[in-house]
Amino acid sequence: MIIRSPKDFWAGLIYILFGSAAILVGRDYPIGTAFRMGPAYFPTILGGLLFVIGAISVIRSFIIVGDSVGPFAMRGLVLVTGSIFLFGYFVRGLGVALALPILIIISGYASTKFRWGPTIIMAVGLTVFCVLVFLKGLGIPLPVLGPWLGG
Amino acid sequence: MDLIGNLSLGLQTSASLANLFYCFVGVFLGTAIGVLPGLGPTATIAMLLPVTFVLPPVTALIMLAGIYYGSQYGGSTTSILVNLPGEAASVVTTLDGYQMARKGRAGAALAASAIGSFFAGTVATLVIAAFGPPMANMALKFGPAEYFSLMVMGLAASIVLAQGSLLHAIGMVVLGLLLGLIGTDVTSGTQRYTFGIFELADGIGFVTVAMGMFGLGEIIRNLENEEERSVAISKITSLWPTKEDWRRMMPSIFRGTVIGSVLGILPGSGSILGSFAAYSIEKKVSKYGSQFGKGMIEGVAAPESANNAGAQTSFIPMLTLGIPSNPVSALMVGAMIIHGIQPGPSVISEQPALFWGIVVSMWIGNLMLIILNLPLIGMWVRMIMIPYHFLYPGILVFCAIGVFSLKNAEFDIYLMGLFGVLGYIFAKLGCEAAPMLLAFILGPLMEEYLRRAMLLSRGSPWVFLQRPISATLLVIAVLALCSVLIPSFSKTREEAFVEGAG
């Protein structure tokens with residue numbers, strides 16, 4: 001068997017994954033009847049439907065020629081999502097004054113046009129702006145300097 | 001007449017100093033973020049939504065509506081000047097708009113877009129005022145079966161309008177419905193698919209999903225081919241259209257407005273269908289039709305008017321039925337619920353000041369757009385020129401703080417990151433996110449109405465076909481889906497998208 005349409009194949013696989021997860025996890029909840037539907041009823045129907053759609057997509061990928069997926073922008077993917085996760089992890093402990101520059105510099109580094117100078121200037125400017133607008137102005141409960149720094 | 005009384009009630013509400021001010025802030029911020037290349041209305045609203053939480057409900061919704069028009073108008077500006085459409089609806093604007101700009105007629109194209117949008121906005125406001133109340137009256141007679149079928153029809157429409165393969169659009173819709181069910185089941189109180197994670201008990205926030213898939217996912221995608229992004233902006237000389245321009249664009253604006261207003265009311269379509277349809281009809285009707293794509297002012301005026309008219313009349317199903325017809329109105333419905341207003345047919349009778357205030361503020365917002373945008377064009381141009389590698393870290397900052405502020409929880413930041421990855425992967429696989437987001441919002445509603453309908457029918461699924469309105473809606477849904485399978489239609493659908501992408 002040759003995969004003729006990689007996009008269809010992988011998308012189908014994702015559907016199958018989510019569909020079967022919905023059905024399997026849903027077995028823990030009461031299913032009820034069509035008259036009185038339990039919490040598992042609708043998700044199980046949807047899960048089954050998604051499984052079938054996934055299966056069609058996978059089968060089709062062996063028959064009909066389609067597009068290849070193309071290269072993933074790994075640098076962008078890892079640095080951008082990584083910077084978001086780090087921000088979430090650090091924001092309470094270190095405070096906004098450090099977590100924001102971390103987010104800006106790491107995500108900025110994903111660009112091929114990254115340069116230290118302008119990025120640091122931007123990080124400082126944006127951080128000051130956010131502290132003034134979001135923390136002081138809109139009252140979002142985040143520390144400027146977090147407890148890890150004795151703030 | 002009642003209409004006048006209602007409109008003056010709306011005027012009283014929306015013309016209060018605070019509401020005018022926030023309408024202005026909304027239009028201004030919406031345009032400012034909307035002009036940034038690659039940011040469409042969905043991402044813009046998701047980013048700015050948390051800002052409105054501190055406001056009273058009417059003011060917040062007026063500001064959100066302002067953000068919406070602003071971002072859409074900003075997107076058109078970017079489409080015309082640099083050929084980078086922020087969302088599907090403004091794709092057609094690039095075809096003739098960018099060509100006009102290259103010929104040194106950017107000013108006329110921008111003016112055609114602004115004047116067309118204003119005219120369309122004025123007409124669409126009247127359409128909402130006229131059709132809103134009767135529609136709400138009709139909706140009061142809707143039972144759970146009708147609501148369920150209506151949502152099926154809306155989802156079917158969003159599937160037909162999605163780019164790419166039909167199978168994947170259906171897959172994304174079903175996936176969206178499933179993800180929407182995560183959290184506590186309202187009927188039984190069971191916590192579903194939460195895997196013991198406390199933060200998931202309330203379900204996944206739609207803003208989190210929208211920011212992840214439309215904000216983060218889009219940024220990662222843009223980082224793929226950074227070198228190809230060019231921001232060469234053509235000079236804007238004169239903004240005022242010539243006499244010849246006026247003569248040529250007015251009929252197109254009129255036609256675009258009618259097409260956009262009618263198509264915008266259909267659930268699931270919003271403004272996308274309108275702008276595509278207006279462009280292709282204009283191409284057939286106009287005597288310059290054969291030269292479309294080479295910078296004809298009709299090719300800008302018609303889709304831009306349709307776009308704005310549709311954006312506005314799509315508020316009719318949202319305000320009267322409580323059913324969002326596209327990701328943008330889904331965000332608005334979410335905002336209403338956060339402010340303690342359950343959107344639905346009773347809003348008009350129970351909160352007339354809110355309903356009519358929003359309707360009138362739409363017109364005021366459009367007026368502000370035209371006053372604001374033509375003189376401020378120099379500033380928008382400078383915003384477009386911001387290089388992307390400075391822009392996207394800033395967008396990430398606003399997304400991260402915004403998503404945190406929803407529930408003051410870091411968990412939502414992580415979740416947004418996950419949806420960013422998911423959004424990128426789906427984009428790579430050619431699966432469109434817009435139908436998924438719509439389904440995500442409709443998931444719990446659909447389940448609720450399905451349950452109620454089945455309870456009333458004692459478990460017989462035939463109820464959906466026995467009730468005439470429900471049956472009609474389902475037949476329309478099936479016909480819409482089948483129409484994609486008809487070779488000639490599916491060819492047109494593909495061509496429309498290819499034309500748009502090219």
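Me: How does helix 3 of chain B pass helix 14 of chain B, left-handed or right-handed?
Reply: In this predicted model, the crossing of helix 3 of chain B with helix 14 of chain B is right-handed.

Me: And what angle do the two axes make?
Reply: They cross at roughly 10 degrees and come within 9 Å, with helix 14 covering residues 327-338. Angles under 35 degrees count as roughly parallel, so helix 3 of chain B and helix 14 of chain B are roughly parallel to each other.

Me: Which residues make that contact?
Reply: From helix 3 of chain B, Pro41(B), Thr42(B), Ile45(B), Ala46(B), Leu49(B) and Thr52(B). Helix 14 of chain B contributes Pro327(B), Val328(B), Leu331(B) and Ala335(B).

Me: How many of those are nonpolar, polar or charged?
Reply: Eight are nonpolar and two polar, with no charged residues.

Me: Now helix 2 of chain B against helix 3. What is the geometry there?
Reply: Helix 2 (residues 17-34) and helix 3 (residues 41-52) of chain B have axes that come within 10 Å and cross at roughly 130 degrees. That makes helix 2 of chain B oblique to helix 3 of chain B.

Me: Which hand is that crossing?
Reply: Right-handed, for helix 2 of chain B with helix 3 of chain B.

Me: Which residues meet?
Reply: Leu29(B), Gly30(B), Ile33(B) and Gly34(B) of helix 2 of chain B meet Pro41(B), Thr44(B), Met47(B) and Leu48(B) of helix 3 of chain B. By class, this contact has five nonpolar, three polar and no charged residues.

Me: Changing topic: how many residues of chain B are in contact with chain A?
Reply: 52 residues of chain B, against 58 residues of chain A.

Me: Which helices of chain B supply at least two residues to that side?
Reply: Helix 8 (166-180), helix 9 (206-222), helix 17 (388-407), helix 18 (410-428) and helix 19 (434-456) of chain B each do.

Me: How is chain A divided?
Reply: Into domain 1 (6-63) and domain 2 (74-149). Taken over C-alpha atoms, the centres of these two domains of chain A are separated by 39 Å.

Me: Last one, what are the scores?
Reply: The model has ipTM 0.95 and pTM 0.88. Chain B averages a pLDDT of 85, and 93% of its residues score at least 70. Where pLDDT is low, the predicted coordinates should not be read in detail.

Key: Residues are numbered from 1 along each chain as its sequence is written. Chains are lettered from A and ligands numbered from 1 in the order in which they are written. This is a predicted model: local features need pLDDT of at least 70, side-chain atom pairs count only at pLDDT 80 or more; totals for chains, interfaces and linings use all residues. Domain bounds come from an automatic or database domain assignment. Axes are lines fitted to C-alpha atoms, for helices over the stretch in contact, and angles run from 0 to 180 degrees between N-to-C directions. Helices (H or I, at least four residues) and strands (E, at least two) are DSSP runs, numbered from the N terminus. Angles under 35 degrees count as roughly parallel, over 145 as roughly antiparallel, 65 to 115 as roughly perpendicular and the rest as oblique. A crossing is left-handed if the near helix is turned anticlockwise from the far one by less than a right angle, and right-handed if clockwise. Two residues are in contact if their C-beta atoms, placed from the backbone, lie within 7 Å. Ala, Val, Leu, Ile, Met, Phe, Trp, Tyr, Cys and Pro count as nonpolar, Asp, Glu, Lys and Arg as charged, and the others, Gly among them, as polar. pLDDT is the predictor's confidence in each residue, from 0 to 100.
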